[in-house]
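Subject: A structure for you to look at

Hello,

I am passing this structure on to you, and my notes on it follow below. Please have a look at it first and then read on.

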Amino acid sequence: MAVDAARSEEGFTSAGATRVMVAACRAAGLDDRGAELIRLGENALFRLASAPVIVRVARGEEWLPKARTEVDVSRWLAEERFPAARIVEDLEQPLLVDGHPVTFWHLIVEGDRKATYEELGGVLRELHSLTVPEGLELPPFEPFDKQELRMERAVIPQDDKVFLRKRWWELQGKYAELRFETPKGPVHGDAHVQNLMVDDRGQVILIDFEAFCYDHPEWDLMVTAVEHHSLGWQTDEQYADFVAAYGRDLYDWHGYEALRGIQEFGMTTWLMQNVQEDEETAAEYRRRIAGLRNDDAPRDWRPW
C-alpha cells in the first residue's frame, strides 16, 4: 500500500517501523515473531529471532535509490571478497512497504571485542584502493542531500530551524570553495568505527552502505578526524593508530575546517530526527545545537 512520502517519514517512530518490518517479513516469507529493534537512527534495524537475519527499514520512499545502492554495493564487495555485510541473496531486494524501503541482511555474529581505529584506517585504505567496475553506478558524495528534509520535519523549536537553515547555506558556500587534490574512487560515506564489526571468527567487517558513493577519500577521513580533533572521542594513541594505518591525517589539510563544519552539522541534524523518542535523545540534541551556535566552545557531545 503506497502512502504519501512526507507522511511516511514524519511517522517514522519505533512503533511505526515495527509495523513496516512485520509487513515486510510476511511479504518475504520470514517469521517476524520475537524480532528485536536494535537501533533507530537513519534507519530502523531489527534482528529476527526466527532466522539469522537483520531487517533494515528506511525512513521514506526518498531513500529507495540509496537502498538499491546498498544492495548493489554488497554484491560487488562480495565478488571482491572484501569483508563486508552481505544481503540475503534469495530475497527480493529492496522491498517497498508502506512507503519504506526494506532490505534484508545476514546477521553478523559478533565476537568478544570491538574494532579498533587502527583497523578502521586499514579497512579504509583497502577500500579506497579498489576499482569500481563498469556497470556499478555510484552517486557522488552529497553532504547536504538529506538535511533539508530533516530541517523541515524535525520536531524542534522554530528558532533552531531558522539557525540551522542559515548555517546550511553557509556550509554550502564553504563546500563550493573546496579544492580536492586526490582522485575519486569508492567511498563509504559514513566511515566511523561503529560501522565496523568484529565477528566471532575475529574478522573485521564493514557495514552500512547507505552513503556509499564515488568521490574523494577525504569524506571518509573526515569522520574520525572530527571525532578526535573537535570532539575528543579518541585518545591521541587511537588517532595516531588510525593515521598510521591509513597513511594520512586530514587535520593537516587546508579543507579540514570546512569538512569539520559539515560533519558536525550532519551529526546534529541526524540526531534531531529522533528527539521525540526519549528525553536522553532530546538532551543530546540540545547539547549539539548549543555547540553549533558557538563554534569556539568545547564540545561535550556524546557518542550516539
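Beyond its neighbours within four places in sequence, Glu284 is in contact (heavy atoms within 4.5 Å) with Leu271, Trp301, Arg302 and Trp304. This is a predicted model, in which local features need pLDDT of at least 70 and side-chain atom pairs count only at pLDDT 80 or more, while totals for chains, interfaces and linings use all residues. Residues are numbered from 1 along each chain as its sequence is written, and side-chain values use heavy atoms, with hydrogens and water left out.

Glu284 belongs to helix α10; helices (H or I, at least four residues) and strands (E, at least two) are DSSP runs, numbered from the N terminus. Is Glu284 buried or exposed? Its relative accessibility is 0%, so Glu284 counts as buried (under 20% relative accessible area; exposed is over 50% and partly exposed in between, with a 1.4 Å probe and protein chains only). Between the C-alpha atoms of Glu284 and Met272, 12 residues apart along the chain, there are 8.9 Å.

The axes of α9 and α10 (residues 279-293) come within 9 Å and cross at roughly 150 degrees. Axes here are lines fitted to C-alpha atoms, for helices over the stretch in contact, and angles run from 0 to 180 degrees between N-to-C directions. The two helices are therefore roughly antiparallel to each other (an angle over 145 degrees). Residues making the contact include Phe265, Trp270 and Leu271 of α9, and Glu284, Tyr285 and Ile289 of α10.

Next, the nonpolar cores, which are sets of buried Ala, Val, Leu, Ile, Met, Phe, Trp, Tyr and Cys residues joined through side-chain atoms within 4.5 Å. The largest has 72 residues, and Leu77, Leu164 and Phe209 touch the most other members. Helix α9 (residues 256-272) gives this core its largest share, nine residues. Another core lies apart from it, with 21 residues, among them Met21, Ala24, Val57 and Phe104. Setting aside neighbours within four places in sequence, Leu77 is in contact with Phe82, Ala84, Arg86, Leu127, Leu130 and Phe209.

Then there is the sheet. Five strands form an open sheet in the order β1-β2-β3-β5-β4, with antiparallel pairing (two strands pair if DSSP finds at least two bridges between them). At the edges are β1 (36-40) and β4, each pairing on one side only. From one strand to the next, the twist averages 30 degrees. Helix α3 (residues 64-79) packs on the sheet and touches β3 and β5, its direction making about 20 degrees with that of β5.

Five bridges join β5 to the antiparallel strand β3 (residues 53-58); Val53 has His106 as its bridge partner, and Val55 stands opposite Phe104. Strand β4 (residues 95-97) is also antiparallel to β5, joined by three bridges, with Val97 opposite His100. The hairpin of β4 and β5 has two residues between the strands, and Asp98 there takes a positive phi near 50 degrees.

Enjoy exploring it!

Best wishes

How values were computed: Angles under 35 degrees count as roughly parallel, over 145 as roughly antiparallel, 65 to 115 as roughly perpendicular and the rest as oblique.
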